[in-house]
Amino acid sequence: MSEAAPPDISRIDIIDAHRRIAADVRRTPLMRLSGAALGVGCAEVWLKLEHLQLGGSFKARGMFNRMRSQPIPAAGVVIASGGNAGIAVACAARALGVHAEVFVPETTSAAKRETLAQLGATVVVGGRSYADALAASLKRQSGSGALLMHAYDQLDVVTGAGTLASEVEDDAGVPDRALVSVGGGGLIAGVAAWFEGRCRVEALESEGTPTLARAREAGKPVDVEVSGIAADALGARRVGDIPWSITQRHVAAHHLLSDDAIRAAQRQLWQRLRLAVEPAAALPLAALATHAVEPAPDERVLLVICGGNVDLATLAAPAA
């Protein structure tokens, strides 16, 4: 499925992508707080608020970059997505005046399916898992000739994701540490490619979606079963080949977090900062709150708040 991975994606590639999509996407805010403001033991916490991006997640960056980089057939574009990548494709397709067909797994939330439909995409339930939806989308693409979009394993998509890290550096410099959620790995690959060893990049997964953790144990990408509260966004069954190649060089560590810790961090972001984010976006704070990641007292830590497509009722619900 993936394109052949190059030795690396360069910062020049990411700068070019940023210029290409600057008129299409939002330059999202960087919120800078003291560590004490969030009850964590570091000097500063930087929150890159990608839940305010078009479509509610960072995914718009990669999808616009691919659609701006490739010829689009009359049949439009097709993608398999747990929700956020599909929403980003639907946003980009509407802006560019092309048709989008999105294959979703059964785990995709009703809120995300409704958003897709409102954006004008054709929504098809492609099976129980993301892998099933991917297989269905590939079959459709082979018959229709539409441009195939991938949620995380295409060079244009990874390079687009890296543009958020370039904005962070423009706004505040290079952090000491960056904490990034992982599904298929496109986001962390883009971030790591931009910082290219100039800060410590750490990968965060839920216990129910350990694609990178299992790949690192096996020494190569492998299929895993996925479940849990973050599965609709982080539910890829296998880390992408391109992200795998990049993360092997530029990601220092990975951590698994429980659903309880993720939900608690999600509610903390709402209660303290009034940031309504989905579970996948709460993993960076959960890693700090549970001490899975323990930065030094003088560190500046970047939290990528990757998506905001959340059922708001879950934020008000009492803790289990």
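Leaving aside its neighbours within four places in sequence, which residues is E167 in contact with?

A: The model is a predicted one. In it, E167 is in contact with H18, R26, R27, T28, K48 and R61, once its neighbours within four places in sequence are left aside. E167 itself belongs to helix α6, which covers residues 155-172. The relative accessible area of E167 is 2%, and because buried means under 20%, this residue counts as buried.

Helix α2 spans residues 59-69 and lies across strands β3 and β6, running at about 160 degrees to β6. A further helix, α5 (residues 130-144), lies across β3, β4 and β6. The direction of α5 is at about 160 degrees to β3.

These strands belong to an open sheet of 4 strands, with the order β5-β4-β3-β6 and parallel pairing. The edges are taken by β5 (122-125) and β6 (147-149); each has a single partner strand, so one side of each has no neighbour in the sheet. On average, neighbouring strands of the sheet are turned by 20 degrees against each other, direction ignored. Within the sheet, β3 (residues 77-80) pairs with β4 (residues 100-104) in the parallel sense, over 4 bridges. In this pairing, I79 has V102 of β4 as its bridge partner.

Strand β4 also holds F103. With a relative accessibility of 3%, F103 counts as buried. Residues up to four places away in sequence not counted, F103 touches V78, I79, A80, S81, V124, G126, A133, A136, S137 and R140. In sequence, F103 and I15 are 88 residues apart, and in space their C-alpha atoms are 31 Å apart.

Aromatic rings can be looked at next. The structure holds 0 aromatic pairs. The charged end of R11 sits over the ring of W194, at 4.2 Å from its centre. For R274 and W270, the charged end of R274 sits over the ring, 4.5 Å from its centre.

R274 has a further feature, in its backbone. Its phi is near 55 degrees, a positive value in a residue other than glycine. Most residues other than glycine have a negative phi. R274 lies in the loop between α11 (259-273) and α12 (279-289), and with a relative accessible area of 53% this residue is exposed. H291 is not a glycine either, and has a positive phi of about 65 degrees. The place of H291 is the loop between α12 and β10 (300-305). At 51% relative accessibility, H291 counts as exposed.

The cysteines remain. A search of the whole structure finds 0 disulfides. A disulfide is a covalent bond between the sulfur atoms of two cysteines. For C42, the closest cysteine sulfur is that of C199, at 13 Å, which is too far for a bond. Seen from C199, the closest cysteine sulfur is in C42, again 13 Å away and too far for a bond. C42 counts as buried at 7% relative accessibility, and C199 is buried as well, with a relative accessible area of 8%.

How values were computed. Residues numbered from 1 in each chain as written. Predicted model: local features only at pLDDT ≥ 70, side-chain atom pairs only at ≥ 80, totals over all residues. Heavy atoms only, no water. Disulfide = S-S within 2.5 Å. Buried < 20%, exposed > 50% of the residue type's maximum accessible area, 1.4 Å probe, protein only. Pairing = 2+ DSSP bridges. Helix = DSSP H or I, 4+ residues; strand = E, 2+ residues; numbered from the N terminus. Axes fitted to C-alpha atoms, helices over the stretch in contact; angles between N-to-C directions. Contact = heavy atoms within 4.5 Å. Phe/Tyr/Trp six-rings, centres within 6.5 Å; stacked < 30°, edge-to-face > 60°. Lys NZ or Arg CZ within 6 Å of the ring centre and 35° of its normal.
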